[in-house]
Amino acid sequence: MAPLDPHSYADGESPLTTHVALTLYLDFATCSLHGSALLTLSAPHSGPLSLDTRSLTIHSAIDPTSLSPIPFSLSPPDPVLGSQLSLSLPAETPLSSILLSFSTSSSSALHFLSPSQAASPFPYAYTQCQSIHARSIFPCHDTPAARIRFSALLNIPSSLSAVMAARHHARCDPVPSEGGLSCPDSLWCAPGRIVEQFVMDQPIPPYLFAFAVGHIVYRDIGPRTRVYAGPDVVDEAAREFSGTEEMIRAGEKLFGPYDWVRFDLLVLPMSFPYGGMENPRMVFLTPTVIKGDAAGAQVVAHELAHSWTGNLITNKTNEDFWLNEGFTTYAERRIVEVVQGEERAALNMGIGWRGLNRTVERFRDNMEFTKLKPCMQGVDPDDVYSEIPYEKGFQFLWRIERQVGRPVFDEFTKKYISTFKFQSIDTETFIDFLKANVPGIENQIDLRLWVEGTGIPPDAMEPVSAVYNKIKTLASEFKNGQMPGEDEVAQWNGQEWELYLENLSSNVDPSQALALDARYRLSESRDWEVKVAFLELAISAGCKEYYAEAERSLKQVGRMKYLRPLYTALAKCSDEGKMLARRIYAEARNCYHPIAQGVVESILSKHA
Ligand code: BES
Ligand code: ZN
């Protein structure tokens, strides 16, 4: 049968799942997860039905009404897709629901942290499902083309609490105190354990399924926003993100009502592999965005923007990923423009433009991945994650905005969102909608070249930003040994430094790097962007003086944005650097999320 999505075993003809009722038991002693999933299909079905799984052991599949077993088999794992779970639903009585029970102790989505890894007296566990890891938590139609509602019971140690990208319904004890709720399944709930109940009643793509369990406390920072974090960072986080409500209002003005009721933020342990993840109702964030200078607002603006572009309108498959990230990058910059001003937005656009050019250069030998809509058959989305969908997508939308003018484009965007909300769409649907609503646009912009072409189209535009230009000039002066003056850098935050360091020519000599650091102490910066950009430059320049700092950093942080450049710089610079990178990885491996482990391993094997 025709596949629906190159990254899923779901076929195009059988009904898809519309609801999942999950029970998940988290065992911290063995770092394993045991669960059951009651799947509801969009229509009764007989015969073969295919689900996605990865690293799951399937214990049973039964018809929940008759309790009769459903025959099933699990295929050998494909390195990208995982294992296909093939069920044979009875021919005589079509089923509209299936009950599965399963376990895993090596889920690619789930990271268990010991207390020392979590830098806490308590252990921690959290998920990261985008792009194709939800299948390693529970068997599902793991394609964004399928939208599901769900309920979930999380059985966890009573010393911890659970949060989810869903509505919290109740926390219930096996032995309820007065007024408390009793556990829905008293046999299942033993002393020392509690059950947290959640409900998601809006349909979401499976990659937005998310939970975290640990010693988590919270502060309210707005009428619909609460910051959740460990007790040691929660107050700092609450200060950093105090401008969130203003951003939600800006988003609503630009893109229409905020439809997810709550916009809470969860600050995870240092191992979280991304800057931010747009899990609905509760964005997941790395603690590295807390800098004390409100710079974290950009990441929050981005994840907030996904509430409209990504979570309301979702890419149908990963080939349409630019619909999520390009639109969100555009929307993020519009929000930043409102709350932080035009100059800051222009600087972000400038940084994005550089990133786009650098990435196209990186994919010189694999131009397919410079397309807005690449072919992803057989390709692991984690292996080709890049700035292309973000920045080429941004450039495409900005090009359309320049053509039609901002007022017309804003009206178009609002209509696009209200037309397709709670749907998963492909690039062709977007293009058809664009042509229908902006008649003649295809004669003004080469839409096919933008969507199907490689590289950067000739009508893309380098943004104009005074700060950006000034930094470029300063960077070019470094060649003659001239450093920026104290007064020039006084107002710089991480982004300015990052841009400056990136613009220095790639053959900075070691003494220059040392001199720059002696003056501005970049290797000790509290700002991870600055510190990592500097260490990458200095190590690439051959300064062994920074190996120790690189090691400390790599053992402290799990965000892939920092692991990638540091491991690559070490692995590329010398045999000694290569050996060091291997040793650091062997020692730090368990502190990284499984997705990050995969990324570091591929860097190390590329430079073996
Ligand atoms: N959805 C992405 C993160 C992601 C992408 C996870 C693909 C897994 C697969 C998120 O919205 C994102 O783009 N995060 C950025 C933030 C930045 C662009 C402000 C990040 O983590 O760096
Ligand atoms: Zn994003």
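Which residues of H3 are buried? They are Gly296, Ala297, Val299, Val300, Ala301, His302, Glu303, Leu304 and Ala305. Buried means under 20% relative accessible area, exposed over 50%, and partly exposed in between, with a 1.4 Å probe and protein chains only. That makes nine of the 10 residues of H3, so the helix is mostly covered. Helices (H or I, at least four residues) and strands (E, at least two) are DSSP runs, numbered from the N terminus.

This is a predicted model: local features need pLDDT of at least 70, side-chain atom pairs count only at pLDDT 80 or more, and totals for chains, interfaces and linings use all residues. Residues are numbered from 1 along each chain as its sequence is written, chains are lettered from A and ligands numbered from 1 in the order in which they are written, and side-chain values use heavy atoms, with hydrogens and water left out.

**The annotated site**

An unreviewed UniProt entry carries the annotation "binding site" for His302, His306 and Glu325. The three are spread over 24 residues of sequence but cluster in space, with a largest C-alpha distance of 9.1 Å. UniProt positions follow the numbering used here, feature names are shortened, and annotations may be inferred rather than shown by experiment.

His302 is found in helix H3 (residues 296-305). Its relative accessibility is 10%, so His302 counts as buried. Glu325 lies in helix H4 (residues 321-340). At 2% relative accessibility, Glu325 is buried as well.

Contact means heavy atoms within 4.5 Å. Neighbours within four places in sequence aside, His302 is in contact with Glu325, Thr328, Thr329, Glu332 and Tyr390.

**Ligand 1**

Ligand 1 is surrounded by 16 residues. A residue is near a molecule or strand if one of its heavy atoms lies within 4 Å of it. The closest are Gln130, Gly275, Glu278, Glu303 and Tyr390.

| Residue | Atom of the residue | Distance to an oxygen atom of ligand 1 |
|---|---|---|
| Gly275 | backbone N or O | 2.6 Å |
| His306 | side-chain N or O | 2.9 Å |
| His302 | polar side-chain atom | 3.1 Å |

**The sheet**

Seven strands form an open sheet with mixed pairing, in the order E4-E7-E2-E1-E10-E13-E12. Strands E4 (57-62) and E12 (167-172) stand at the edges; each has a single partner strand, so one side of each is left without a neighbour in the sheet. From one strand to the next, the twist averages 15 degrees. Strands of a sheet pair through backbone hydrogen bonds, either parallel or antiparallel. Two strands count as paired if DSSP finds at least two bridges between them. E1 (residues 17-27) and E2 (residues 32-45) pair in the antiparallel sense over 10 bridges. Asp27 has Ser32 in E2 as its bridge partner.

**Serine 108**

Ser108 lies in the loop between strand E7 (95-104) and strand E8 (110-113). At 13% relative accessibility, Ser108 counts as buried. Ser108 and His133 are 25 residues apart in sequence and 6.1 Å apart in space, C-alpha to C-alpha. Beyond neighbours within four places in sequence, the contacts of Ser108 are Arg54, His133, Ser136, His593, Pro594 and Ile595.

Methods: Axes fitted to C-alpha atoms, helices over the stretch in contact; angles between N-to-C directions. Polar contact = N/O pair within 3.5 Å; in protein donor to acceptor, adjacent residues only side chain to side chain.
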